[in-house]
Amino acid sequence: MSDSQPSRPVAGRAAIIRDGIAVGVATGAYGISFGAIAVAAGLGVAQACALSLLVFTGASQFALVGVIASGGAPLSGALTALLLGTRNTLYGLRLAPLLDWRGWRRTAAAQLVIDESTAMSINRDGTEAARVGFLSTGIAVFALWNLATFAGALAGRALGDPRTYGLDAAVGGAFLALLWPRLRNRRNQLVAVLAVALALGLVPISAAGVPVLAAGGVAVLVGVFSRSTDPTEYPDEDDVGLRHHGEQREEGGQP
């Protein structure tokens, strides 16, 4: 369905929107931790808010502040964030024909291409339902993530020295929480082990930020030379902790 054709009523529109808002509330609240961690890493409130507004991808944001917190150069942090953000390109390639937007609509929608909006779109029946899932989730997450980042940054500044509360270790913990759902198949587990081993080996002999980039390179190389399909390449509704309430399945898993 193209932009020039009239929209058709979407079955279960209210349920899709409700699910999207629920995901937005759950995910957006996590922005509080990013705001606090970003300030603890040495960023200002405005800088933390700018990252959420312009970058708007949690893993890349946490990676950037993680490199800065460890003493790495901002350029190393930016490269690490860019490397992690490339997965959103895969999401965009999958969503483009599904959402079927053109011109400025496609450009504007690109800012909302994240794990959650992808998960809430790709399993829908039809273009209009996919658009409703994408927009309701993407807008909800974007708005609440940015509000929560601001609140977390203000709270983090008020807390003072992050080491007093153990927040200096929060970057690694938050990043691990983002990574964990991707370790569901054997190949990804092997990549993780190799990446960790390489990063730990480089820590004593390289500048901060370089081990993270090298570890990311392991995943890139495996992706280039591997022909197997990664079941975690695209997120699904299980990844965001929510199933579409109106979805009905017969026994045996058939729709």
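**Basis.** I number residues from 1 along each chain as its sequence is written, and side-chain values use heavy atoms, with hydrogens and water left out. Because the model is predicted, local features need pLDDT of at least 70 and side-chain atom pairs count only at pLDDT 80 or more, while totals for chains, interfaces and linings use all residues.

**Helix α6.** I took helices as DSSP runs (H or I, at least four residues), numbered from the N terminus. Helix α6 covers residues 87-99, and its end C-alpha atoms are 18 Å apart. I found Asn88, Tyr91, Leu95, Leu98 and Leu99 buried in α6 (under 20% relative accessible area, 1.4 Å probe, protein chains only). The buried residues of α6 pack against α5 (74-85), α8 (115-119) and α9 (127-159). Asp100 follows α6 and has a positive phi, near 55 degrees.

**Ring pairs.** I searched the whole structure and found five aromatic pairs (ring centres within 6.5 Å, using the six-membered ring of Trp; planes under 30 degrees apart are stacked, over 60 edge-to-face, the rest tilted). Phe34 and Trp145 are stacked, at 6.2 Å centre to centre and 25 degrees between the planes. Phe34 lies in helix α2 (residues 31-40) and Trp145 in helix α9, 111 residues apart. Both Phe34 and Trp145 are buried. Trp101 and Phe134 have ring centres 5.9 Å apart and planes at 65 degrees, so I recorded the pair as edge-to-face. I noted a relative accessible area of 9% for Trp101 and 1% for Phe134.

How values were computed
Helix = DSSP H or I, 4+ residues; strand = E, 2+ residues; numbered from the N terminus. Expected span 1.5 Å × (residues − 1). Buried < 20%, exposed > 50% of the residue type's maximum accessible area, 1.4 Å probe, protein only. Contact = heavy atoms within 4.5 Å.
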